[in-house]
Amino acid sequence: MKLKQRVVLLAILLVIFIFTKVFLIDNLDTSAANREDQRAFHRMMTGLRVELAPKLDHTLQSPWEIAAQWVVPREVYPEETPELGAIMHAMATKKIIKADVGYKGTQLKALLILEGGQKVVFKPKRYSRDYVVEGEPYAGYDRHNAEVAAFHLDRILGFRRAPLVVGRFVNLRTEIKPVATEQLLSTFLTVGNNTCFYGKCYYCRETEPACADGDTMEGSVTLWLPDVWPLQKHRHPWGRTYREGKLARWEYDESYCDAVKKTSPYDSGPRLLDIIDTAVFDYLIGNADRHHYESFQDDEGASMLILLDNAKSFGNPSLDERSILAPLYQCCIIRVSTWNRLNYLKNGVLKSALKSAMAHDPISPVLSDPHLDAVDQRLLSVLATVKQCTDQFGVDTVLVEDRMPLSHL
């Protein structure tokens, strides 16, 4: 073989070697990332069932101190939570030492102070599990059980951005009225043999009270985030106008996401990907009412989008898929870790995981089977939407790596 031919052959072999090495390294990196996602998923599944138990054997800290220390800019609670059962047990059973009207908003709630000084938000039962709210997707009252289910879905998806929630039964006569403020107490009334209250909020009316079964009221309690982490409210870029005949820009401009990407805090950092995650989360629970969202203050877009107020869900059949999933439809990007988790949850795994996670809640069964089936069906729609995006723009464009150290932003 002539020298020139040998040189050409060696050059070809060298190019093949380089491309093969790069390809293999790239695949190994991807496989390593996928393997870590899979390990995280299996860890979550292993610790999915939370048995509410009072003991914290390995620490002298109170459950409230532990929960407060969990909160960091990118998560409300860590991946490994051996103390979760004890904290939720305390939320569901600790003595109520003060009761007041809830913080301002559109829905009825009460602010409770539990023994040890921990604040929780109590949302009362307003509907039976299978009651269907007709009309707009954001119509009707909050559903207390939806808050519980949404928290466990947050765990299952690996987001860890929702405050802790657990079901609780309270006796309005013996637990609430003796420690209630005058403002809350003035909203109590009796309907038939049932004790009721209507609280103070934008839509709270004496003619529409929440009523206990006798004196015992079912509800949910949400753990108040530590005061050292003040919240900042933001207008959701894909929020509704709520004005008759007036559309938001995203409702008619298919290139709207390009404009969002040029606007702070969506032009850098994790916030836009958080918006996409939240759109998936909201569609799975059936929430079409997230017109605002909260993050921690002064975060410059680095902290998470906190999944607060998830109770307007699991009850309205009038869901507009393209509306709730509009950020995903229009941006066509999603975290690799989110995509992997969604794929692990198909074929009935999500329904099974939710049932298992909520099995020990005091108000179990939290969701009825039709609602669990609906979540599984909506998961298929999310997967199909991402598939359309990858078919159109390619996997490398749609699936975005975002593996920032959660505690060090």
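Are arginine 161 and aspartate 277 buried or exposed?

Modeller: Arginine 161 and aspartate 277 are both buried (under 20% relative accessible area; exposed is over 50%, partly exposed in between; 1.4 Å probe, protein chains only). This is a predicted model, in which local features need pLDDT of at least 70 and side-chain atom pairs pLDDT 80 or more, while totals for chains, interfaces and linings use all residues. Residues are numbered from 1 along each chain as its sequence is written, and side-chain values use heavy atoms, without hydrogens and water.

The two side chains meet in a salt bridge, with 3.0 Å from N to O (a side-chain nitrogen of Lys or Arg within 4 Å of a carboxyl oxygen of Asp or Glu). The pair links distant parts of the chain, 116 residues apart. Arginine 161 is in the loop between α4 and β4 (165-171), whereas aspartate 277 belongs to helix α8, residues 271-285 (helices, H or I of at least four residues, and strands, E of at least two, are DSSP runs numbered from the N terminus).

Aspartate 274 forms a salt bridge with arginine 335, and their closest N and O atoms are 2.9 Å apart. Aspartate 274 lies in helix α8 and arginine 335 in strand β11 (residues 334-335), so this pair ties together parts that are 61 residues apart in sequence. Both aspartate 274 and arginine 335 are buried.

Another pair sits elsewhere in the chain. Aspartate 142 forms a salt bridge with lysine 123, and the closest N and O atoms are 3.0 Å apart. Lysine 123 is in strand β3 (118-124) and aspartate 142 in the loop between β3 and α4 (144-157), so the pair ties together parts that are 19 residues apart in sequence. Aspartate 142 counts as buried because its relative accessibility is 11%. Lysine 123 counts as buried too, because its relative accessibility is 4%.

For the structure as a whole, the count comes to 21 salt bridges. Among them are the pair of arginine 161 and aspartate 277, the pair of aspartate 274 and arginine 335, and the pair of aspartate 142 and lysine 123.
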